[in-house]
Structures are given as structure tokens and as C-alpha cells.
Amino acid sequence: MGKEAAAVRILVIEDSESVSSMIGMFFSKEGIDGTFIPDGDAGYQEAMTGGYDCLIIDWMLPGMDGVTICRKVREAELDVPVIMLTAKTAEEDQVTGLETGADDYVSKPFSPAALMARIRAVTRRYGKQPQPAEDGIIRTRHFLINEKTREVRLDGETLPGLTPKEFDLLAHFARHPKQVFSREQLIESVWGFGFYGDDRTVDVHVKRLRTKTESEGRQFFHTVWGVGYRFEETGG
């Protein structure tokens with residue numbers, strides 16, 4: 001069997017929670033590993049770590065603005081395609097973004113399919129064309145999740161005893177590493193629009209997942225106070 005293509009990694013620096021959520025859900029369907037940062041300064045620092053196949057940067061951001069991030073990335077000669085997102089529509093603004101070093105420019109509002117077409121176009125030019133993820137398989141540092149058989153392996157060992165919703169929640173988190181989700185977003189994505197229970201059910205399921213998967217010195221499910229949760233594999 002040939003070696004599986006690595007998942008495409010895209011950094012999205014965008015302060016709108018609704019825009020990031022929309023992009024994140026589409027990335028999940030496309031098998032793309034998305035990292036979402038809402039602040040310009042933190043986003044720039046993350047971009048400079050390298051390892052991303054594409055940067056998607058909003059023009060207006062708290063901290064460093066998107067045009068400055070793009071300019072500094074180009075000055076550092078980082079070999080990565082950049083797509084600018086903005087509500088600005090004036091031609092001179094588009095020219096400014098492109099002259100700063102952006103490869104493409106997407107005006108808000110936009111459809112996820114249109115954004116994906118732009119991503120494929122710019123990554124193709126850089127030789128970083130996204131490849132489809134292995135059907136139904138999610139791989140992370142510690143987990144292998146098979147969505148077809150609903151089996152989970154943790155560090156190579158079968159993880160038994162997950163309830164259906166615990167499995168769905170784990171799979172959703174694993175598809176969106178480091179992305180912060182509110183309880184409402186998790187209810188919508190995992191339980192669906194027809195759920196009428198208390199959103200604290202999310203807390204209960206996260207607690208159960210922690211009990212079943214985490215150990216001393218190793219954490220997967222992180223509480224982001226005042227917001228919700230994120231999945232990040234820390235520790236040994």
C-alpha cells in the first residue's frame with residue numbers, strides 16, 4: 001500500500017467567528033487541517049513557523065493588519081501562497097493587497113466553494129495542490145479514527161467504550177485541531193439543529209472523553225475560558 005498523502009495544512013487568520021466556523025466546516029468535508037487564529041500578531045507569529053500549504057488572511061484584524069502580515073511574510077521570503085479576505089471592494093484596495101504579495105483576493109461575502117477553488121488555484125501554482133484525504137480516516141499524532149467502522153485507536157491501541165456521541169465529538173475535534181469551538185457550535189455540528197437539550201451536555205461529553213483518553217502529563221481537550229473548547233495534543 002502506498003504512503004498516504006499528508007493532509008493539507010492551511011492557516012486562517014480571521015477575527016470573525018462566523019466566517020471561521022463556515023470555513024472550518026468546509027475544510028472538514030475536504031479533509032483539510034485548518035488552524036484558525038483571530039488576532040493579527042498571533043497569526044503572524046504562527047505563519048512564520050512555516051509548515052503551512054496556504055495562508056488565508058483577513059484584511060482588517062485586531063493587532064497587526066492583514067496587509068502588513070502579508071508584506072512581512074513576503075519580506076521573510078516564506079514560500080507559501082497567500083489569499084486575502086476582505087470586505088473592501090474598491091479596485092485600489094485590491095491592487096494594494098496584490099502588490100503587497102498576496103496571490104489572490106476574495107471579497108466578502110463569499111461561498112466556501114469559491115474559496116476552495118481559489119485555494120486549489122494558488123496551491124497548484126506553488127506545487128502544493130491539496131489531495132483528498134483518505135476516505136473516512138482521520139489521523140492525528142495519537143489518534144486514528146475510522147468514521148466508516150466507527151473505530152478509534154489511541155497510540156495504536158483500540159479505544160473501547162465510546163458512546164456514539166462521544167465518537168462524533170472526538171471525530172469533530174480531531175478534524176479541527178487547535179480550533180476553538182463554543183458549546184453552541186459543537187451542539188450544531190455534532191448534535192444537529194434538532195437538539196433541544198441543555199448545551200451543558202457538551203461539558204459532560206468532554207469530561208467523559210478526557211476520562212477515557214487523557215493521562216497524567218497528556219491532554220487533548222482544552223477549556224478556553226469564556227468561549228468553549230479546543231482539541232490540541234499536548235504532553236507525551
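This is a predicted model: local features need pLDDT of at least 70, side-chain atom pairs count only at pLDDT 80 or more; totals for chains, interfaces and linings use all residues.
Strands S1 and S2 run parallel and are joined by five bridges. Within this pairing, Ile 13 has Ile 37 of S2 as its bridge partner. Four of the five residues of S1 are buried, so S1 is largely enclosed by the rest of the structure.

The two strands belong to an open sheet of five strands, which can be followed in the order S2-S1-S3-S4-S5, with parallel pairing. Strand S2 (33–37) and strand S5 (104–107) stand at the edges; each has a single partner strand, so one side of each is left without a neighbour in the sheet. On average, neighbouring strands of this sheet are turned by 20° against each other, direction ignored. At the S5 side, strand S4 (residues 82–86) pairs with S5 in the parallel sense over four bridges, and the bridge partner of Leu 85 in S5 is Val 106. Helix H2 (residues 40–47) packs on the sheet, where it touches strand S1 (9–13), S2 and S3. The direction of H2 makes about 160° with that of S1.

Strand S3 (residues 54–58) holds Asp 58, a position at which UniProt, in an unreviewed entry, places the feature "modified residue: 4-aspartylphosphate". Is Asp 58 buried or exposed? With a relative accessibility of 4%, Asp 58 counts as buried, because the cut-off for buried is under 20%. Leaving aside residues up to four places away in sequence, Asp 58 touches Ile 13, Glu 14, Asp 15, Gly 66, Leu 85, Thr 86 and Lys 108. Two of these names have already come up in the sheet: Ile 13 as the bridge partner of Ile 37, and Leu 85 as that of Val 106.

Arg 71 is partly exposed, with a relative accessible area of 37%. Arg 71 and Ala 102 are 31 residues apart in sequence, while their C-alpha atoms are 8.4 Å apart in space.

A further open sheet is formed by four strands in the order S6-S7-S8-S9, and here the pairing is antiparallel. At its edges stand strand S6 (137–139) and strand S9 (157–158), each with a single partner strand, so one side of each is left without a neighbour in the sheet. S7 and S8 run antiparallel and are joined by four bridges; in S8, Arg 153 is the bridge partner of Leu 144. Helix H6 packs on this sheet, touching S6, S7 and S8, and the direction of H6 makes about 120° with that of S7.

Leu 169 touches Leu 186, Val 190, Trp 191, His 205, Val 206 and Leu 209, not counting residues up to four places away in sequence.

Just after H7, Gly 192 takes a positive phi of about 95°. His 205 lies in helix H8 (residues 201–213) and is buried, with a relative accessible area of 10%. Beyond residues up to four places away in sequence, His 205 touches Lys 165, Glu 166, Leu 169 and Trp 191.

Across the whole protein, there are eight helices and twelve strands. Of its 236 residues, 44% count as buried. Among contacts with a separation of 6 or more, 57% are between residues 24 or more positions apart. The accessible surface of the protein comes to about 11900 Å², and 51% of that surface belongs to carbon and sulfur atoms.

Definitions and conventions:
Residues are numbered from 1 along each chain as its sequence is written. Side-chain values use heavy atoms; hydrogens and water are left out. Buried means under 20% relative accessible area, exposed over 50%, partly exposed in between (1.4 Å probe, protein chains only). Contact means heavy atoms within 4.5 Å. Accessible areas come from the Shrake-Rupley method with a 1.4 Å probe; for residues, only the protein chains shown count as cover. UniProt positions are given in the numbering used here, feature names are shortened, and annotations may be inferred rather than shown by experiment. Two strands pair if DSSP finds at least two bridges between them. Axes are lines fitted to C-alpha atoms, for helices over the stretch in contact, and angles run from 0 to 180 degrees between N-to-C directions.
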